[in-house]
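Subject: Structure for your review

Hello,

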Amino acid sequence: MRINCPHCGPRDRREFTYQGDALALDRPDPEAGPDVWNDYIHNRDNPAGPTRELWYHETGCAAWLVVTRDTVTHDIHAVELASAVKGAGK
Amino acid sequence: MTDLLAKSPCDGLLPLTIGSVTVTEIAFDAITSLAPFKGQESAVSDALKVQMGAAFPKPNRTTGKAHARAVWSGVGQALVLGPPLAPIPGAAMTDQTDAWTCVALEGDGARDVLARLTPLDLRPSVFKQGHAARTEIAHMGGVLMRTGENRYGLMVFRSMAATLVHDLEIAMQSVAARGRL
């Protein structure tokens, strides 16, 4: 399995560390209330199909990446810098 | 003050030649990490050119020559190997001279030796002279650069010096043994 890092190009999976669903980037407002925060911290979907995940290019350029991966086929459809994804909404 | 003896990271371990491959330690006068602040990239690159004659490297590249080289070392950061730098305005700089082990791997089978230690695509058409990479070297995060046709520069943290030399030695022995078959 290879991930096409926007900085480094295609690199072996061994250089990366998986963190979790990219939902973590959408941190709720501190005052959003316990239900919203409970959902953000504990609840994740478990889809068979495309998911967006956070990966860390640990022994490479040290960038956080948002990887769109299909859990059925393991195809990787897109790799974006988390900094760019995060900044886009603001 | 007591006059202390300076010991290099690979003191007593290198040089080492097995088969057609030689590994030697490279001692730099200084290693400085250089990270330009936002919007200061070209000004810092110009200042670096004035001080050492080489520009700030693009991602996965090196600039400069053997004793004054800048190597890309991560997002918005480069390591300057060789000359001690005067402070450059608009950049975060850290002295890392004693933090790294730097070795050169040279010889006909150097690429075969590296292929046993890193997952990087090392084909000459892909990893060209002047290219560099942050990658895994013998399970350690390091900096790898191609500095000649059959010459590579390797950097890992100083505390990993003996591990690096050990893993290089095993890989060099394996490549040499293969050659004898």
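This is a predicted model: local features need pLDDT of at least 70, side-chain atom pairs count only at pLDDT 80 or more; totals for chains, interfaces and linings use all residues.

Residues are numbered from 1 along each chain as its sequence is written, chains are lettered from A and ligands numbered from 1 in the order in which they are written, and side-chain values use heavy atoms, with hydrogens and water left out.

Salt bridges

Over all chains, the structure has eight salt bridges (a side-chain nitrogen of Lys or Arg within 4 Å of a carboxyl oxygen of Asp or Glu). Three of them are described here.

In chain A, Arg14(A) pairs with Asp12(A), with 2.8 Å between the closest N and O atoms. Arg14(A) is partly exposed at 47% relative accessible area (buried is under 20%, exposed over 50%, partly exposed in between, with a 1.4 Å probe and protein chains only).

A salt bridge also joins Glu80(A) and Arg52(A), at 3.7 Å from N to O. Glu80(A) is in strand S6 (residues 76-81) and Arg52(A) in strand S4 (residues 50-56) of chain A, so this pair ties together parts 28 residues apart in sequence. Strands here are DSSP runs (E, at least two residues), numbered from the N terminus. Both side chains are partly exposed, Glu80(A) at 31% and Arg52(A) at 39%.

In chain B, Glu106(B) and Arg151(B) form a salt bridge with the closest N and O atoms 3.0 Å apart. Glu106(B) belongs to strand S8 (residues 100-107) and Arg151(B) to strand S11 (residues 151-157), 45 residues apart. Glu106(B) is partly exposed at 36%, and so is Arg151(B) at 29%.

Chain contact

Twelve residues of chain B and ten residues of chain A make up the contact (heavy atoms within 4.5 Å). The two chains bury about 910 Å² between them, with 54% of it on carbon and sulfur atoms; buried area is the accessible area (1.4 Å probe) lost on putting two parts together, summed over both. On the chain B side, Val75(B), Pro119(B) and Glu136(B) lose the most area to chain A, together 45% of what that side buries.

How many salt bridges cross the interface of chain B and chain A? The rule finds zero.

Strands S5 (68-74) and S9 (132-137) of chain B each supply at least two residues of the side touching chain A. S9(B) gives the most to that side, with four residues.

Regards
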